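Student: Could you take me through this structure one question at a time?
Tutor: Gladly; let us look at it together.

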Amino acid sequence: MANIKSAKKRILVNRKKALRNKSVKSAVKTQIKKLDSAIAAGNKEAAVAELSNLQKVMSMATSKGIIKKNATSRKISRMATAVNKIGE
């Protein structure tokens, strides 16, 4: 444990940020799993709704700096392509 007051504060702040980041990443993974299950079931309406939710959650994570912009774009693009292939 640190002795200096500012170092102690940094430890506390970093713990808070790590918990927030973990929570947001978990929410993103959950949305991805929900979308994957909708795609696997072949339910296009549910998949479109889940894709919308995924975009919202991922863009919020990107704005907070938790996920990088290009990673968000790549994942959303791949998921959108998978949703569009359902009806074919």
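**Residues in their places**

Tutor: Lys22 is exposed, with 60% relative accessibility; buried means under 20% relative accessible area, exposed over 50%, and partly exposed in between (1.4 Å probe, protein chains only). This is a predicted model, where local features need pLDDT of at least 70, side-chain atom pairs count only at pLDDT 80 or more, and totals for chains, interfaces and linings use all residues. Residues are numbered from 1 along each chain as its sequence is written, and side-chain values use heavy atoms, with hydrogens and water left out.

Student: Which helix holds Lys22?
Tutor: Helices (H or I, at least four residues) are DSSP runs, numbered from the N terminus. By that numbering, Lys22 belongs to helix H1.

Student: How many Å apart in space are Lys22 and Glu45?
Tutor: Glu45 sits in helix H2, residues 44–63, and is exposed at 64% relative accessibility. In sequence, Lys22 and Glu45 are 23 residues apart. From C-alpha to C-alpha, their separation in space is 30 Å.

Student: And how far in space is Glu45 from Val83?
Tutor: Along the sequence, Glu45 and Val83 are 38 residues apart. Their C-alpha to C-alpha distance in space is 9.5 Å.

Student: Is Gln31 buried or exposed?
Tutor: Gln31 is found in helix H1. Not counting residues up to four places away in sequence, Gln31 touches Glu50, Asn53, Leu54 and Val57, where contact means heavy atoms within 4.5 Å. Its relative accessibility is 11%, so Gln31 counts as buried.

Student: Which residues does Thr72 contact, leaving aside its neighbours within four places in sequence?
Tutor: Thr72 is in helix H3, residues 69–84. With 7% relative accessibility, Thr72 counts as buried. Leaving aside those sequence neighbours, its contacts are Met58, Thr62 and Ile67.

Student: What is the C-alpha separation of Ala40 and Ile86?
Tutor: Ala40 lies in helix H1 and counts as exposed at 70% relative accessibility. Ala40 and Ile86 are 46 residues apart along the chain. Their C-alpha atoms are separated by 8.9 Å.

Student: What is the relative accessible area of Lys9?
Tutor: Lys9 is in helix H1, residues 5–41. Together with Lys5, Arg10, Lys17, Arg20 and Lys64, Lys9 forms a positive surface patch; such patches are made of residues with over 30% relative accessible area and no salt bridge, like charges being joined within 9 Å. A salt bridge is a side-chain nitrogen of Lys or Arg within 4 Å of a carboxyl oxygen of Asp or Glu. Lys9 is exposed, and its relative accessible area is 55%.

How values were computed. Patch = residues over 30% accessible without salt bridge, like charges linked within 9 Å, V, L, I, M, F, W, Y side chains within 5 Å. Areas by Shrake-Rupley, 256 points an atom, 1.4 Å probe, with all protein chains shown as cover. Lys, Arg positive; Asp, Glu negative; His and termini not counted. Charge placed at Lys NZ, Arg CZ, Asp CG, Glu CD. Helix = DSSP H or I, 4+ residues; strand = E, 2+ residues; numbered from the N terminus.
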